[in-house]
Structure formats: structure tokens, C-alpha cells
Amino acid sequence: MGPFLYSAVVGDAAPDPGRRRELAERLATAAGGGPERHRLRLAEQGKLPVRERLRRLLDDGSALIEDGLLGNTLAGDELAADGVVTGIGLVHGRRVCVMANDPTVKAGSWGERTVEKILRIQETAERLQLPLCYLVDSAGARITDQVAMFPGRRHAGRIFHNQVRLSGQVPQPCALFGPSAAGGAYIPAFCDVCFMVEGRASMALGSPRMAAEVTGEQVTLEEMGGARMHCAVSGCGDRLCPDEDDAITALRTYLGFLPPSWSEAPPVAAAVAPARPSFADVIPERAAQGYDVRPVLEALLDRGSFFELKALYARELICGLGRIDGRAVGVVASQPQVRGGVLFVDSADKASRFVSLCDAFSVPLVFLADVPGFMIGAAVERQGIIRHGAKMIAQLSCATVPRWCVVLRKAYGAGLYAMSGPGFEPEATLALPTAQIAVMGPEAAVNAVFANRLAELDPAARADEVARLRRTYAQDIDIFRLASDLIVDAVVDPDALRPELSRRLAAAAGRRRPPVARHRAVFPV
């Protein structure tokens with residue numbers, strides 16, 4: 001029976017040239033994207049085809065392992081691959097999953113099989129513990145397909161559920177090349193970071209026409225949900241990119257700092273000398289005088305390694321990824337040049353998000369503090385400054401990644417706490433020799449404590465007494481006294497700070513990160 005069965009099978013298995021030709025044609029049609037009129041329009045807009053975007057994202061010569069290419073293609077190129085490319089490729093020699101909308105197919109909108117393909121690549125990313133890159137350019141759900149793709153267990157809502165499940169397990173960066181409309185706007189929102197192409201990218205829950213009809217508001221899409229608005233005002237965007245190539249480069253750069261998943265360590269690169277030999281002449285002695293902290297970063301970080309996030313948003317605080325002697329670090333730095341480096345509602349949110357990102361993927365944190373504290377006044381209290389500041393401190397308190405607090409010039413009040421001060425279990429608190437740590441500065445402290453007494457003195461006596469009280473207060477908070485009392489762990493010369501941090505980073509590389517026994521915390525939001 002065996003030989004008979006074998007011969008029968010062999011006899012029926014002659015190749016069918018027609019079917020092979022049909023396969024080749026179907027594959028070519030699906031890979032070619034939508035109808036020619038839509039491809040021409042994309043070119044007129046100066047936008048790259050989806051597969052060219054993927055070619056530039058993935059390593060040279062890296063082939064995409066693609067599933068679902070023939071999804072919904074019985075209708076020809078009108079629904080080629082159902083408007084989304086999903087698969088696995090290589091970035092920096094490491095495997096990543098990708099999901100890329102094709103705007104030539106129904107404007108990148110979602111149908112039933114579009115959603116199924118996205119769900120499957122999300123499940124693959126979780127199963128294989130690989131990063132998932134979202135290349136978004138979509139008009140949102142197809143209203144004509146809503147029953148087939150919107151309300152059910154394995155429909156569009158499941159995409160966001162899966163994003164939340166994946167959050168903190170694997171990196172999920174997003175490059176936004178065009179619209180991300182209606183419910184689809186939540187894909188970039190649930191990603192770790194979102195890089196937006198200026199003049200092209202947009203995120204909005206409704207269109208300007210819908211806003212006019214529902215609220216009477218007359219607004220353009222750029223004003224309501226454009227890239228610059230989201231990167232500078234709402235904080236939904238992390239980087240404003242001049243073109244698609246810059247967004248793709250940003251996505252590759254971001255992945256280069258992070259491990260494939262939460263359970264691995266960040267990759268170490270070759271050490272590079274800093275761009276600036278010293279920052280000793282950068283920081284003014286007077287505590288209230290502004291200056292740009294970026295030259296400090298140039299002296300501490302490997303040349304060209306700093307990758308800033310949310311640079312246009314809450315500019316009084318700088319957050320970004322960089323390297324010190326090849327090791328990845330997250331940097332949270334006060335920016336005294338902008339609003340004196342005071343912490344506001346938005347800067348607290350910015351820091352909270354960045355701390356949670358670094359903690360999720362084992363990136364050590366270096367805080368560079370030159371902070372007067374949190375902003376006060378009726379306006380910020382109404383905005384919830386207490387709640388937002390508490391959120392920042394809560395994220396910091398939960399972080400188990402190695403952290404260092406470096407006081408550059410001053411750390412006053414709750415600003416010390418927010419910048420990972422001694423009470424928040426940093427590996428160490430370091431300070432420059434001119435640094436001050438106090439509830440408030442000498443000027444404010446003397447005014448707060450002695451105002452009534454000083455008011456009784458004549459002007460000349462008052463000036464002498466104020467000067468004496470300020471000297472006494474400054475002696476009380478002198479950094480060498482704080483070092484003597486073990487409030488700070490080391491006082492470091494500016495030129496020795498980079499090698500000091502490099503040694504400490506290497507020493508803390510094996511830090512144990514114990515879990516916390518509870519269901520979940522109830523944090524301010």
C-alpha cells in the first residue's frame with residue numbers, strides 16, 4: 001500500500017505553470033500597493049511608499065518576513081494587503097516586528113483583515129519578546145466595515161488592549177507620517193514614543209469638519225492636531241521631524257539605546273570622547289542667574305549620543321537618552337535658561353513619562369539638578385501642580401533602575417525630591433563644590449523667617465543684618481557640611497564628574513531589582 005500511495009501522490013503533483021504564474025501575479029499586485037491613481041497622489045505629496053519606508057527602517061539587505069500579504073486581495077489592488085504591512089525584520093542586527101499602514105489603500109484605513117493582521121503581529125511581538133515598530137499613516141476605521149472590525153472581541157479595541165499589555169515588555173516606538181484619525185489616534189498615544197513629520201503628521205479624534213458641526217469651532221487640522229502642536233503644546237509628540245527620513249532615523253536611533261525586551265540589558269556601544277572637554281566655566285555662581293545646561297551635557301555624554309525627547313515641550317526640563325563611555329543612560333536635567341528651571345505641570349508630566357520609560361527597559365538615570373523647586377501661584381494650583389508633582393515623585397519612587405542625583409548648583413524644596421534626592425534611594429547623591437541643597441535659597445529664607453524683625457530696622461541697619469543672616473544661612477547649608485553629615489555621598493570637581501559617573505555606572509550594572517508585593521499602586525494621574 002505504501003508504494004502505491006506514493007506513486008499516486010507523485011503522479012498528481014505535477015507543477016501547474018498557470019497557478020505559479022497566478023501566484024507571482026497576486027504577490028506582485030499585493031506588494032505594489034493600492035491603485036495607480038493613489039500611488040501617484042502619494043508621490044505628489046512627497047510621501048514615501050510604505051515598502052520604501054520599511055526598506056529605510058530595516059538594515060541594508062534585510063528581508064522582511066511577511067505574513068498576510070495576500071490578505072483581502074481577491075478584489076485586486078483596491079485592497080492590496082488590506083492596507084497594512086506586517087512582519088519581522090532586522091534593525092541594528094536585531095529582530096523587530098513592524099506594522100506599517102499603506103496610505104495608497106483606502107487612505108491606510110482599517111478593515112476587518114487590517115485589524116486581524118495588526119493583532120497577529122502584536123501577538124507575535126509578545127510571544128517572541130521583540131520590539132514592535134508602528135509606522136502610522138491611516139485615516140482610521142472604514143465606516144463601511146464597522147460591524148466586521150469595530151465592536152467585537154477580536155476587533156479594533158483589541159489593538160489598544162494589546163498595546164497596553166505590551167507596554168514595558170518590549171519597546172513600542174511610532175513614526176507618524178500622515179494622519180492618525182479618530183480611534184486610530186490612540187495607537188501613537190499608547191506607544192513609548194511618537195516621532196511626527198512636520199506638515200504631514202496629525203493626531204485628532206475628530207476632523208475640523210466634525211468639530212465645526214458638533215461644537216461650532218472653526219479650526220484647521222494643523223491647529224487641532226498637527227505635528228508641531230502635539231510636539232510643543234499637548235506633549236503627545238516626542239520629536240518633530242522635518243521629513244520622513246528623519247522620523248525613520250529617529251526610530252532606528254531610539255531602538256539602538258534599548259534592549260529587545262524588559263528582561264535584557266541595554267546594548268553597550270563603543271566609548272566616544274565627549275564633544276566638550278569641560279563645563280567648569282558654564283555654570284554661573286549666582287543661583288538666580290540663568291544659563292544653558294546643554295554644554296554640561298556635551299561635556300558629560302559621548303559625542304553625538306544625546307537623543308532628546310519632547311525637546312519643544314516643557315523646555316524648563318530636558319529629558320533624553322545618551323551614553324557615557326558607551327553605556328546607555330537616561331538624562332533628566334534642569335534647564336535654568338527657560339523659566340529658571342522651575343518645575344511646572346507639564347515638566348512634571350514629561351519627567352514622569354521619561355522615568356517610567358527608562359525604568360521599564362533598564363536604562364540607568366542621571367539627574368542633573370539646578371532647580372528652585374515647583375512653581376507656586378493660583379494658576380498652577382488650579383492646573384493641579386500638587387497632583388502632577390506627586391505623579392512625578394511617585395514614578396521616581398517606584399523606579400528600581402540605578403539612579404544618580406547630581407546637584408550642579410542648587411536643589412531647593414521639593415525640587416530636590418523630584419530630581420531623585422537622597423530620600424529616594426539613588427545609588428548616590430553627588431554635588432559640585434559650589435552646590436546648595438536647602439528648603440529654599442538664602443534670600444527667600446531670610447525674608448520668610450525674619451521679615452517682621454527686619455522691618456523694624458532702619459534701611460542701613462537692615463541691609464547689614466540681611467547680609468549677616470544670609471551668610472549664616474549659607475554656612476548652614478554649605479556643601480562640605482552636608483558631605484560631613486553624609487547628606488551627599490561625594491563632592492566632585494566638574495572636570496571629574498564624567499569619569500566619576502562612568503565608574504559608578506559600571507559598578508551598578510548588576511543592580512538587583514526586587515518586585516513589590518501588591519496588586520497595584522494608586523497613584524495621582
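Tyr-186 lies in helix H8, which covers residues 186-190. In this predicted model, Tyr-186 is partly exposed, with a relative accessible area of 37%. Together with Val-164, Phe-190 and Leu-205, Tyr-186 makes a nonpolar surface patch of about 370 Å².

**Overall figures**

- The protein has 525 residues, of which 49% count as buried.
- Its secondary structure comes to 21 helices and 16 strands.
- The C-alpha trace spans about 110 × 60 × 45 Å along its principal axes.
- The accessible surface is about 25,100 Å², and carbon and sulfur atoms account for 56% of that area.
- Among contacts with a separation of 6 or more, 72% are between residues 24 or more positions apart.

**Strand S5 and its partners**

- Strand S5 consists of residues 173-181, and seven of these nine residues are buried, so the strand is largely enclosed by the rest of the structure.
- Strand S4 (residues 132-138) runs parallel to S5 and is joined to S5 by four bridges. On this side, Tyr-134 has Cys-174 of S5 as its bridge partner.
- Strand S6 (residues 193-197) also pairs with S5 in the parallel sense, over four bridges. Here Ala-175 stands opposite Phe-195 of S6.
- Strand S7 (residues 202-204) pairs with S5 over three bridges, again in the parallel sense. Ser-180 has Met-203 of S7 as its bridge partner.

**Helix H16**

- Helix H16 has 14 residues, 385-398, which at 1.5 Å a residue should span 20 Å.
- The buried residues of H16 are Ile-385, His-388, Gly-389, Lys-391, Met-392, Ile-393, Ala-394 and Leu-396.
- The cover over these buried residues includes three helices, namely H14 (345-360), H15 (378-383) and H17 (414-418). Strands S12 (365-371) and S13 (403-412) are also part of that cover.

**Salt bridges**

- The count of salt bridges comes to 35.
- Arg-37 and Glu-78 meet through their side chains in a salt bridge, at 3.4 Å from N to O. Arg-37 lies in helix H3 (residues 36-44) and Glu-78 in the loop between strand S1 (65-67) and strand S2 (84-91), so the bridge ties together parts that are 41 residues apart in sequence. Arg-37 counts as exposed at 51% relative accessibility, whereas Glu-78 is partly exposed at 30%.
- Glu-198 forms a salt bridge with Arg-228, with 2.8 Å between the closest N and O atoms. This pair links distant parts of the chain, with Glu-198 in the loop between S6 and S7 and Arg-228 in helix H11 (residues 227-234), 30 residues apart. Glu-198 is partly exposed, with a relative accessible area of 33%, and Arg-228 counts as partly exposed at 41%.
- The side chains of Arg-511 and Glu-427 form a salt bridge with an N to O distance of 2.0 Å. Arg-511 is in the segment after helix H21 (497-507) and Glu-427 is in the loop between H17 and strand S14 (428-431), so this pair links distant parts of the chain, 84 residues apart. Arg-511 is partly exposed, with a relative accessible area of 28%, and Glu-427 counts as partly exposed at 33% relative accessibility.

**Thr-429 in strand S14**

- Thr-429 is placed in strand S14. At 1% relative accessibility, Thr-429 counts as buried, because the cut-off for buried is under 20% relative accessible area.
- Leaving aside residues up to four places away in sequence, Thr-429 touches Cys-405, Gly-421, Pro-422, Ile-487, Val-488, Asp-489 and Ala-490.

Key
Residues numbered from 1 in each chain as written. Predicted model: local features only at pLDDT ≥ 70, side-chain atom pairs only at ≥ 80, totals over all residues. Heavy atoms only, no water. Patch = residues over 30% accessible without salt bridge, like charges linked within 9 Å, V, L, I, M, F, W, Y side chains within 5 Å. Areas by Shrake-Rupley, 256 points an atom, 1.4 Å probe, with all protein chains shown as cover. Salt bridge = Lys/Arg side-chain N within 4 Å of Asp/Glu carboxyl O. Helix = DSSP H or I, 4+ residues; strand = E, 2+ residues; numbered from the N terminus. Buried < 20%, exposed > 50% of the residue type's maximum accessible area, 1.4 Å probe, protein only. Pairing = 2+ DSSP bridges. Expected span 1.5 Å × (residues − 1). Contact = heavy atoms within 4.5 Å.
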